[in-house]
Every structure is written in C-alpha cells, then in structure tokens.
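User: Hi! Could you walk me through this model with a few questions and answers?

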Amino acid sequence: MISVLLVDDHEMVRIGVSAYLSSQPDIRVVGEAENGKKGVEMALKLRPDIILMDLVMKEMDGIEATKEIIRHWPEAKIIIVTSFIDDEKMFPALEAGATSYLLKTSKAGEIADAIRSTYYGQTVLVPEVAAKMTEKLRSRKKALPHEELTNREMEVLLLMAEGKSNQEIAEELFISLKTVKAHVSNILGKLGVQDRTQAVIYAFKHSLVKK
C-alpha cells in the first residue's frame with residue numbers, strides 16, 4: 001500500500017480526493033491537513049510515501065511547507081497539486097524539492113497514476129509545466145570557460161597575457177610560486193587548453209585583454 005498525506009485548505013477537495021484514492025487497491029490515505037504548517041507536522045510524524053501538497057494556503061503556503069519538509073526529511077516525495085501554473089509559483093515549488101507537479105484540473109485517475117509513478121522514483125509533470133521547464137532550460141546561456149575562473153585566476157591569466165613569468169606573477173600578487181603554478185594549472189584545465197601560450201591566445205580571442 002502506498003501511504004498518502006493530503007495537504008489542502010479546501011475541505012471539499014480533500015474529501016473528494018481522499019474518497020477516490022481510498023477506492024484504489026494500492027493507495028491508502030493516512031492523514032489530511034488544512035494548511036502548510038499542520039502539513040509539515042503530520043508529514044514528519046507520519047512519514048507517508050507520498051505527500052499531495054496544495055500551494056496557496058494560510059499558515060504557511062505549499063512552497064514553504066515543501067522546503068521545511070525537505071529540510072528535515074530530504075527523501076520525502078511531494079507532489080504539488082494546484083490551480084497555479086505561473087512561473088512565480090511553479091519554479092520555486094520544484095526548486096524547493098517537490099518531485100512532481102499536477103494541476104487540480106487533472107483527472108482523478110491521473111492523480112492516482114502520478115502517485116504510483118512518483119512512488120517508484122519518477123517525476124510527473126503536466127504538459128504545461130513540462131513545456132515551461134523545457135523553455136527555461138533552453139533559454140539558459142551556457143557559461144563560457146573563462147566565466148568559471150575565480151577572480152584570482154583571472155588576475156593570473158591577465159598577467160600571463162602581459163608576458164610575465166610565474167615568478168613575476170608571484171611577486172606582483174604577493175603569493176608563493178607554488179600557488180601561482182596551481183592557479184596556472186587550474187586556468188589551463190578550466191579553459192581546456194594545453195599550455196600558457198594557448199591560454200594567452202584564448203584571453204585575446206575573447207577580448208579579456210586589449211590587443
């Protein structure tokens with residue numbers, strides 16, 4: 001039996017969902033909470049297999065409740081079931097640790113199937129949410145190699161571009177020669193080049209220094 005905790009501030013929603021899930025041979029509703037605060041308390045006490053979490057509630061909303069549950073119980077599997085699909089609520093809920101995201105317009109059978117899928121380790125997103133997630137991932141700009149350099153590594157790279165030796169860099173930055181060599185090694189690795197010359201060429205090519 002998959003144990004489920006319902007967290008929703010609408011009594012009729014809890015009654016309807018509970019009645020349907022209780023009719024399933026492999027799902028058992030072990031508790032109901034009318035707000036996020038009580039939901040956190042019951043989740044940590046009952047440790048259900050699945051938590052169905054509403055988002056907009058009094059006395060702690062679903063996002064904060066999800067954060068709190070995950071903070072104390074990282075393995076918790078939380079399915080958001082809400083009427084909202086706007087970015088201001090959807091992304092924070094998933095980033096807080098929710099495993100799956102459904103809409104209240106989903107059919108009862110879809111919610112039951114999502115509970116089973118989430119229980120077995122899958123992530124279930126309604127098409128609208130999946131589309132938004134894909135769009136967000138595509139819009140993310142891939143970081144250039146030099147953007148991974150620390151401020152100190154960038155300083156060393158610029159001094160390398162000026163033609164300074166490791167010893168000269170060490171003296172100018174007031175650090176040891178060993179530290180400079182470590183920075184140079186990190187720079188080559190992060191830029192994906194084999195030697196100092198290629199690192200300097202990279203710096204000029206990407207306008208990190210004036211030609």
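Analyst: Happy to! Contact here means heavy atoms within 4.5 Å. This is a predicted model, in which local features need pLDDT of at least 70, side-chain atom pairs count only at pLDDT 80 or more, and totals for chains, interfaces and linings use all residues. Residues are numbered from 1 along each chain as its sequence is written, and side-chain values use heavy atoms, with hydrogens and water left out.

User: Which residues does Asp54 touch, not counting residues up to four places away in sequence?

Analyst: Asp54 sits in the loop between strand S3 (50–53) and helix H3 (62–72); helices (H or I, at least four residues) and strands (E, at least two) are DSSP runs, numbered from the N terminus. Leaving out residues up to four places away in sequence, the contacts of Asp54 are Val7, Asp8, Asp9, Gly62, Val81, Thr82 and Lys104.

User: Is Asp54 buried or exposed?

Analyst: The UniProt record (unreviewed entry) places "modified residue: 4-aspartylphosphate" at Asp54; UniProt positions are given in the numbering used here, feature names are shortened, and annotations may be inferred rather than shown by experiment. Buried means under 20% relative accessible area, exposed over 50%, and partly exposed in between (1.4 Å probe, protein chains only). Asp54 has 4% relative accessibility, so Asp54 counts as buried.

User: And why does Leu177 fall into its accessibility class?

Analyst: Leu177 is in helix H9 (residues 177–191), and touches Asn166, Gln167 and Ala170, not counting residues up to four places away in sequence. Because its relative accessibility is 30%, Leu177 counts as partly exposed.

User: Which helix gives the most to the lining of the largest pocket?

Analyst: A pocket is an open set of points on a 1 Å grid over the protein atoms alone, where a 1.4 Å probe fits, with protein on both sides within 12 Å along at least five of seven lines; lining residues have an atom within 4 Å of a point. Strand S1 (2–7), helix H1 (11–22), S3 and helix H5 (108–119) each supply at least two lining residues of the largest pocket. With 5 residues, the top contributor to this lining is H1.

User: How far apart are the centres of domain 1 and domain 2?

Analyst: The domain assignment of the chain gives domain 1 (1–139) and domain 2 (149–204), with bounds that come from an automatic or database domain assignment. Taken over C-alpha atoms, the separation of the two domain centres is 50 Å.
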